[in-house]
Amino acid sequence: MDYKLLENAPLFKDVPPEEINVMLQCLGTEERDYDKGETIFHAGDVIHNIGLVLTGRVQIENDDVWGNKSVMESVGPGFAFAESYACLPGEPLMVSAIAAEPSHILFLDTGRVLTTCPSACDFHTRLIRSLMYVLAGKNLMLTKKMDIITPKSLRERVMVYLSQES
């Protein structure tokens, strides 16, 4: 595994490089390879793992009732996906996660991430804080997108977008 990549991943912010290996063992992580076009998570699945892209790219896709496919997000190395659903027990996915190219994914069990272990490892607190920052950042991004698509006219949408960018 490329620990250099994890050192710079937002989810592992504030975790010293020498602690990453111990941390991954404590969290019981799992790694898996996916071919281009292979489904990582299907819409409707109930998941318990956060995906972290180590190599490749993952697309978060939504299929509407007419069969149209929309790419909601594209996630590259060092970035997490499906964390919102993994943190909500029993909540089925509304989207699918598809490998856009050959990808190597690290899975983190949210039960082990959010629950401190018997040895009370200090890194759990840092990881939970980083997860909160990741979730808050995505929430803010989605709020900005909603602000842009809410106005009825194209002119108003462009004005909101330009206002956000300024």
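Begin with the aromatic rings of this predicted model: rings of Phe, Tyr and Trp (its six-membered ring) are paired if their centres lie within 6.5 Å, and by this rule the count comes to three aromatic pairs. Select Y34 and F107, whose rings are 6.4 Å apart centre to centre with 75 degrees between the planes, an arrangement that is edge-to-face (planes over 60 degrees apart, where under 30 counts as stacked and the rest as tilted). Y34 belongs to strand 1 (residues 30-34) and F107 to strand 8 (residues 103-109), so this pair ties together parts that are 73 residues apart in sequence. Helices (H or I, at least four residues) and strands (E, at least two) are DSSP runs, numbered from the N terminus. Y34 counts as buried at 4% relative accessibility, and F107 is buried as well, with a relative accessible area of 7%; buried means under 20% relative accessible area, exposed over 50%, and partly exposed in between, with a 1.4 Å probe and protein chains only.

Next, select F41 and F81, which form a tilted pair with 6.0 Å from centre to centre and 55 degrees between the planes. F41 lies in strand 2 (residues 39-41) and F81 in strand 6 (residues 80-81), so the pair ties together parts that are 40 residues apart in sequence. Both F41 and F81 are buried, and if you show Y34, F41, F81 and F107 at once, you have one aromatic cluster on the screen.

A word on conventions before going on. Residues are numbered from 1 along each chain as its sequence is written. Because the model is predicted, local features need pLDDT of at least 70 and side-chain atom pairs count only at pLDDT 80 or more, while totals for chains, interfaces and linings use all residues, and side-chain values use heavy atoms, with hydrogens and water left out.

Now move to the largest nonpolar core, which has 40 residues; a nonpolar core is a set of buried Ala, Val, Leu, Ile, Met, Phe, Trp, Tyr and Cys residues joined through side-chain atoms within 4.5 Å. The residues with the most contacts inside this core are L11, F12, I40, F41 and F81, and helix 2 (residues 17-27) gives the most to it, with five residues. In soluble globular proteins, nonpolar side chains tend to be buried together. Select F12 to see its surroundings: leaving aside neighbours within four places in sequence, F12 is in contact (heavy atoms within 4.5 Å) with L6, E7, M23, L24, L52 and L108.

Colour strand 4 (58-63), strand 5 (69-75), helix 3 (83-86), strand 7 (96-99) and helix 5 (123-149), each of which supplies at least two residues of the lining; helix 5 gives the most, with seven. The lining divides into 15 nonpolar, four polar and four charged residues, where Ala, Val, Leu, Ile, Met, Phe, Trp, Tyr, Cys and Pro count as nonpolar, Asp, Glu, Lys and Arg as charged, and the others, Gly among them, as polar.

Stay with strand 4 and select E61, which is placed there and counts as buried at 10% relative accessibility. Not counting residues up to four places away in sequence, E61 touches K69, S70, V71, M72, V95, S96 and I98.

Follow helix 5 to I128, which is partly exposed at 26% relative accessibility and, with residues up to four places away left out, touches V113 and L114. From I128 to I148 there are 20 residues in sequence and 30 Å in space, C-alpha to C-alpha.

The last stop is R157 in helix 6 (residues 154-165), partly exposed with a relative accessible area of 33%. With residues up to four places away again left out, R157 touches I148, I149, P151 and K152.
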